[in-house]
Amino acid sequence: MSNVVIVGAGKLGRALLDYGGFHDYGLEIVAAFDAALTKTEQSNTGKPIYPMNRFDDFCRNSNVKIGIITVPADSAQTVCDRLIGNGIRAIWCFAPCRVKVPEGFPVQYENMALSLAYLNKKT
């Protein structure tokens, strides 16, 4: 099982945190983090949502392999840099932008507006 964290615990981040289907693919989203929090919260399914000041220690102690970015575009690069700096080996990015990563570093981008626009053109 690969441990995954989310940075950005708004509606999208919390929905991903509570989604159970990732487990079938060997992925466990173990926690979310958000800069707006000052104390730990829990998701609807009881998973922890921590303030960002807990991020570095959590990643070092939890063998996190993948990071999910669900923050606004203007914060995405800072979050990306922090993920990479804490040993994250791949990123799934929902921010509506491109992030700069080392050559060969795997990033999967999701652009929900573009996907919906594509469907709109098909109707």
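The model is predicted; local features need pLDDT of at least 70, side-chain atom pairs count only at pLDDT 80 or more, and totals for chains, interfaces and linings use all residues. Numbering starts from 1 along each chain as its sequence is written, and side-chain values use heavy atoms, with hydrogens and water left out.

Select Val7, Ala35, Met52, Val71 and Val79, the closest to the pocket centre of its 13 lining residues. The volume is about 180 Å³. A pocket here is an open set of points on a 1 Å grid over the protein atoms alone, where a 1.4 Å probe fits, with protein on both sides within 12 Å along at least five of seven lines; lining residues have an atom within 4 Å of a point. Points are joined across faces, edges and corners, and the volume is the space filled by probe spheres set on them.

Next, colour β2 (27-34) and α3 (73-85), which each supply at least two lining residues. By type, the lining has seven nonpolar, four polar and two charged residues. Nonpolar covers Ala, Val, Leu, Ile, Met, Phe, Trp, Tyr, Cys and Pro; charged covers Asp, Glu, Lys and Arg; the others, Gly among them, are polar.

**The whole chain.** Switch to a cartoon view. The protein chain has four helices and seven strands, in the order β-α-β-β-β-α-β-α-β-β-α from the N terminus. These are DSSP runs, numbered from the N terminus: helices are H or I of at least four residues, strands E of at least two. Along the principal axes, the C-alpha atoms fill a box of roughly 45 × 35 × 30 Å.

**Leu17.** Select Leu17 in helix α1 (residues 11-18). Leu17 counts as buried because its relative accessibility is 0%; buried means under 20% relative accessible area, exposed over 50%, partly exposed in between (1.4 Å probe, protein chains only). Beyond residues up to four places away in sequence, Leu17 touches Ile6, Ile29, Ala31, Ala32, Ser43, Lys47, Pro48 and Ile49, a contact being heavy atoms within 4.5 Å. Then pick Lys122: its C-alpha lies 31 Å from that of Leu17, and the two are 105 residues apart in sequence.

**Asn63.** Finish in the loop between α2 (55-62) and β5 (64-69), where Asn63 is found. Although not a glycine, Asn63 has a positive phi of about 50°. Most residues other than glycine have a negative phi. Asn63 counts as partly exposed, at 48% relative accessibility.
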